[in-house]
Every structure is written in structure tokens, then in C-alpha cells.
Amino acid sequence: MGRKERAKERREKRLQEISLLRTIPYSDHQRWWSSETVAVVTGGNRGIGFEIARQLADHGLTVILTSRESSTGLEAANALKELGFSVDFHQLDVLDSLSIKKFAEWIEQTYGGIDVLVNNAGVNYNLGSDNSVEHAQNVVATNYYGTKNVTQSLIPLMRPSAVGARIVNRLEDKDLREKLANLETLSEELIDRTVSTFLQQVEEGTYTSGGWPQMFTDYSVSKLAVNAFTRLMAKMLSDRPDGMKIYINCYCPGWVKTAMTGWAGNISAEDGADTGVWLALLPDQAITGKFFAETRGKLLRQFERKMLSGLMTGYALLINCSCITSKG
């Protein structure tokens with residue numbers, strides 16, 4: 001059996017494990033949420049975002065689904081309502097500061113606050129092995145600045161809770177990674193300056209020698225910035241008192257069959273959404289400022305090893321898909 005065949009076999013086995021895990025219901029003592037728990041999913045009208053909204057609603061949360069286009073968002077929300085789920089819709093363009101402001105005001109007036117934020121809205125113009133940066137400005141503005149601005153606008157609306165609120169963000173050059181990995185020197189200004197430098201080099205046509213990621217360059221830079229922002233926010237939120245905790249993390253759903261990948265992925269949207277949903281509802285471990293890859297099965301094995309070594313003590317949870325936010 002060749003390498004590709006072995007990799008395919010491992011992936012299929014892992015996905016079978018995920019499908020089985022999804023059939024096991026949460027026990028009563030694990031269910032910290034109720035129908036009054038409010039989860040916001042940005043870009044929830046299709047693909048992974050729609051599936052995250054569906055799964056969260058299926059678990060009994062009230063889900064606010066957002067999309068840039070009202071017609072597609074309403075259609076998606078109505079489809080979930082027809083299944084008997086508690087789902088609301090509001091238009092949200094993460095590129096528009098006024099739209100974000102209006103959305104936050106509507107949330108406060110209608111629900112009083114939220115408990116979970118899943119930053120799923122994002123764009124990618126590269127398919128297959130393409131690596132065009134023609135749309136780099138829009139990719140960075142949507143994936144990084146959109147995620148950052150929505151998060152910062154909604155954090156004040158995350159409701160007090162004994163279990164903590166959750167934020168999940170859906171998501172490389174060694175020197176850049178190291179620069180953004182040092183929490184002692186990491187700042188919002190540094191992250192913004194990094195992406196501004198990238199965009200300037202794209203405009204000048206010099207980005208290929210700038211040490212940036214070699215594949216899906218603009219998308220990778222935007223998600224690298226989200227990852228750094230997630231860790232920075234985790235640090236800034238770490239001193240909040242009990243009852244006001246907010247936990248934030250990133251995860252990568254894998255190569256998913258959606259419009260963003262040109263339907264060329266190797267896992268379904270249902271499986272791609274699973275890790276984000278699981279992290280948003282995680283009842284026992286308090287984890288924050290972390291990045292997770294692909295699947296719950298893989299994460300469970302990581303957790304088992306870390307729990308045995310005592311490394312998980314004292315962590316809380318926020319997940320950026322590549323963003324989900326949850327509060328408790």
C-alpha cells in the first residue's frame with residue numbers, strides 16, 4: 001500500500017470515529033447550556049458555517065445565523081427553523097463597521113447578550129494549487145480584520161456565566177511564525193503591521209521574496225494573523241474574574257468539500273464543523289489561546305496525553321474557526 005493509500009485509510013478511519021462520537025449524546029451533567037444560551041455564527045448561510053449553526057441548534061442552543069446577503073441568510077435560517085430548531089437571522093457584513101455596530105445593537109436590544117461566538121465568515125479565491133494574491137486586500141480585510149472587529153464589538157455583550165463564554169475562530173514562514181509566537185512581545189499593533197507589510201509588498205510586487213507562506217499566501221497570512229490575534233486576546237482576557245471568563249481558540253476544519261475549496265475537499269461540511277461545535281460546548285476542560293487541527297478524534301487523543309501529563313490544568317476555552325467565541 002502506497003503513502004497516499006495509507007493516508008486515505010487513516011483519514012477514513014478518523015472520520016468514522018468522528019461520526020460515531022457524534023451519535024453519543026451529552027449527559028445531563030455535561031450540558032452547561034440550555035435553550036436560553038445564545039450562539040452567534042457568522043457566515044452561517046452555507047458550508048461549514050451553516051453546519052455549525054445546525055449542529056449547535058440541534059444541541060438545543062438558540063442560534064443567530066448571520067450572512068452578508070440577507071436573502072441567502074434568511075433562506076438558511078428558515079431551512080433550520082423548518083427542522084424545528086431555534087434559529088434567528090440578522091444581516092452582518094464583517095467588512096462594514098456600521099453593519100457590525102448595528103448588529104451589536106440589535107443583539108443587545110433583542111437578546112441582552114450572547115454566550116458563544118463562532119467567527120466563521122471568510123473568503124479564499126485560490127482553488128487547487130493556485131496561489132494568486134490578486135484579491136489579497138479583500139482576503140485580509142475579511143478573514144483577519146473582519147474577525148477582529150466582530151470579536152472586539154461582541155466581547156462586551158458576552159454574558160456572565162459560571163462556565164465561561166466561548167469564542168471559536170475557524171482557520172506558514174518560520175521567521176514570521178516565531179515573531180508572532182512570542183507572547184511577551186506580541187501586540188495588536190505588531191499583527192496589524194505584519195499584515196500591512198504583506199499587503200504593501202503585494203502592491204509593490206515584491207511579496208514572493210518577503211518570506212511569506214508559499215501556498216495560498218494571502219489566505220495563509222490572514223489566518224496566521226487570526227491565530228496570533230486569538231492568542232493575544234486569550235492573554236488579555238485571562239485576568240477576568242470567575243463568572244466573567246471568556247475562552248478563545250482557533251481550529252482548522254481540514255480540507256472540506258465546500259464552495260470555498262471548489263468542492264475539492266476530502267471531508268464533508270458536517271465533519272469539518274464537528275471540532276468547532278465540540279470546542280464551543282466543551283464541558284470539562286478550560287482551554288484558551290490554542291490552535292487545534294481538523295478533528296475531535298485527534299483532539300481527544302491530544303487531550304488524553306496532556307491530561308496525563310498535567311499540562312491542561314488551568315486553561316479556558318475560546319475557539320476561532322479560524323473563529324468561534326463562547327462565554328460561560
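1. Contacts of Q55. Setting aside neighbours within four places in sequence, Q55 is in contact with R22, E270, A273, D274 and V277. This is a predicted model, and the contacts are read from it.

2. Where Q55 sits. Q55 belongs to helix α2, which covers residues 47-58. Is Q55 buried or exposed? Q55 has a relative accessible area of 4%. Buried means under 20%, so Q55 counts as buried.

3. The side chain of Q55 reaches the backbone oxygen of E270 at 3.0 Å.

4. A helix pair. Two packed helices are described by the angle between their axes and the distance between the axes. Take helix α5 (residues 136-154) and helix α8 (residues 217-237). Their axes lie 8 Å apart, and the packing angle is about 15 degrees. Angles under 35 degrees count as roughly parallel, so α5 is roughly parallel to α8.

5. Crossing and contact. The crossing of α5 past α8 is right-handed. Which residues make the contact? From α5 come A136, V139, V140, N143, Y144, T147, K148, T151 and Q152. From α8 come D218, Y219, S222, K223, A225, V226 and F229.

6. The whole chain. The chain has 10 helices and 8 strands. Of its 328 residues, 52% are buried; Q55 is one of the buried residues. The chain exposes about 15200 Å². Carbon and sulfur atoms supply 49% of that area.

Conventions:
Residues numbered from 1 in each chain as written. Predicted model: local features only at pLDDT ≥ 70, side-chain atom pairs only at ≥ 80, totals over all residues. Heavy atoms only, no water. Helix = DSSP H or I, 4+ residues; strand = E, 2+ residues; numbered from the N terminus. Buried < 20%, exposed > 50% of the residue type's maximum accessible area, 1.4 Å probe, protein only. Areas by Shrake-Rupley, 256 points an atom, 1.4 Å probe, with all protein chains shown as cover. Polar contact = N/O pair within 3.5 Å; in protein donor to acceptor, adjacent residues only side chain to side chain. Contact = heavy atoms within 4.5 Å. Axes fitted to C-alpha atoms, helices over the stretch in contact; angles between N-to-C directions. Parallel < 35°, antiparallel > 145°, perpendicular 65-115°, else oblique. Left-handed = near helix turned anticlockwise from the far one by under 90°.
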